[in-house]
Every structure is written in structure tokens, then in C-alpha cells.
Amino acid sequence: MQSSSIRSGMDIRIEQAAALNAELDPLVAEADTDGHLFMRRLRDEWASGSNRFDGPGEKLVTARAGDRLIGVGGLNRDPYAQAPGIGRLRHLYVARDARCRGVGASLVRSILAGADAHFTLIRLRTDSAEAAAFYARLGFQGTNDANATHVMRID
């Protein structure tokens, strides 16, 4: 577990998720309202057991302010890649009222910590210009790959 104070002075805890439960529902509802169905997929895939982020090098992390879940994101082996050693940053979401305070960057840093032991390249897909700019600030490069919009070499 990592604890840090983010830009607003709000104390957050970043920790690896052992389980997802009903506390994810407010984030799913908020994301649905904005047309981001990936949070619903995260919840449903976790519930069905089809994606528990439990393969080698995989992880799901959460951000909490006090007892409240304010963000989530994960790393999987990239299901769209044929080559080994390619990971995919997935399902990154931060509650609207916690954005622009460093929560997303803290989640991504935690997700990528230690990833180089299993992956040499991390890919992701976003359809939002705001998210694309966020990932670029974190060092991801744009790509014309059919299954990714951004990549980062970590070897």
C-alpha cells in the first residue's frame, strides 16, 4: 500500500485490490452517465471471474480518500497482442470530484511499478482527447496501432 498527499492536500491511499464489491457502483454509475462503459465491463468481468487481474505481472489498484473509493485502474497482459511481454493499462477511472488532483497519475505510477519484471511495452486505448493529453503527460506516446492509441516502453 502507498499513501500520499495529492495536490489538493487530500490524503489518498493507493492499494492493490483484493476484491471489488458494491463500493465500485458509484464509480460505475458516474462513468455510465458519461458514456464510459468500461467501468461496467470491469465490474462484470470481475464478478464473472473472466478478469481478476491475477496473471503474472497483472494487478488492479484502487485509490481511496478516507473510506471512499475514488479511483481504480489495472494492468493485464494485452489480449490484443500476439507477442509476449506486452501489457495493457485498463479501466483507469477517477471520480469527477477527485480529478485534477494527482489521483490518476498516482494510480498509473502504482500500476506501472514493477511492471518491467513482466512487460517491455504497455499499451492502452482511449477515445477522449482529455485522457490522451493525460497519458502523454505521463510519458505515453501516441501510436497508429489498430488496437491501441498510446504506448510506453518500460524495458
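**Entry 1: Asp44**

I started with Asp44, which counts as partly exposed at 39% relative accessibility; I call a residue buried under 20% relative accessible area, exposed over 50% and partly exposed in between, with a 1.4 Å probe and protein chains only. This is a predicted model, so I take local features at pLDDT of at least 70 and side-chain atom pairs at pLDDT 80 or more, while totals for chains, interfaces and linings use all residues. I number residues from 1 along each chain as its sequence is written, and side-chain values use heavy atoms, with hydrogens and water left out.

Asp44 sits in helix H2; helices here are DSSP runs of H or I with at least four residues, strands are runs of E with at least two, and both are numbered from the N terminus. From Asp44 to Ile14 I found 22 Å, C-alpha to C-alpha, for 30 residues of sequence.

**Entry 2: Arg13**

Next I went to Arg13, in strand S2 (residues 11–16). Arg13 is partly exposed, at 25% relative accessible area. What does its side chain reach at 2.9 Å? I found the backbone oxygen of Gly66 there. The C-alpha atoms of Arg13 and Gly66 are 8.0 Å apart, and the two residues are 53 apart along the chain.

**Entry 3: Glu30**

Glu30 belongs to helix H1 (residues 25–33). Is Glu30 buried or exposed? Its relative accessible area is 16%, so Glu30 is buried. Its side chain makes a polar contact with the side chain of Tyr93 at 2.8 Å; such a contact is a pair of N or O atoms within 3.5 Å where, within protein, one must be able to donate a hydrogen and the other to accept it, and residues adjacent in sequence count only if both atoms are side-chain atoms. Beyond its neighbours within four places in sequence, Glu30 is in contact (heavy atoms within 4.5 Å) with Tyr93, Val94, Ala95, Arg96 and Arg99.

**Entry 4: the core and H3**

Of its 40 residues, Leu24, Met39, Leu89 and Phe140 touch the most other members. Helix H3 gives the most to this core, six residues.

How many of the 10 residues of H3 are buried? I noted nine, so H3 is largely enclosed by the rest of the structure. Among the buried ones are Val103, Gly104, Ser110 and Leu112. After H3 comes Gly114, with a positive phi near 80°.

**Entry 5: positive phi**

Phe53 has a positive phi of about 55°. Phe53 lies in the loop between H2 and strand S3 (59–65), and it is buried at 4% relative accessibility. His91, in strand S5, has a positive phi near 55°. His91 is buried too, at 7% relative accessibility.

Methods: Core = buried A, V, L, I, M, F, W, Y, C linked by side-chain atoms within 4.5 Å.
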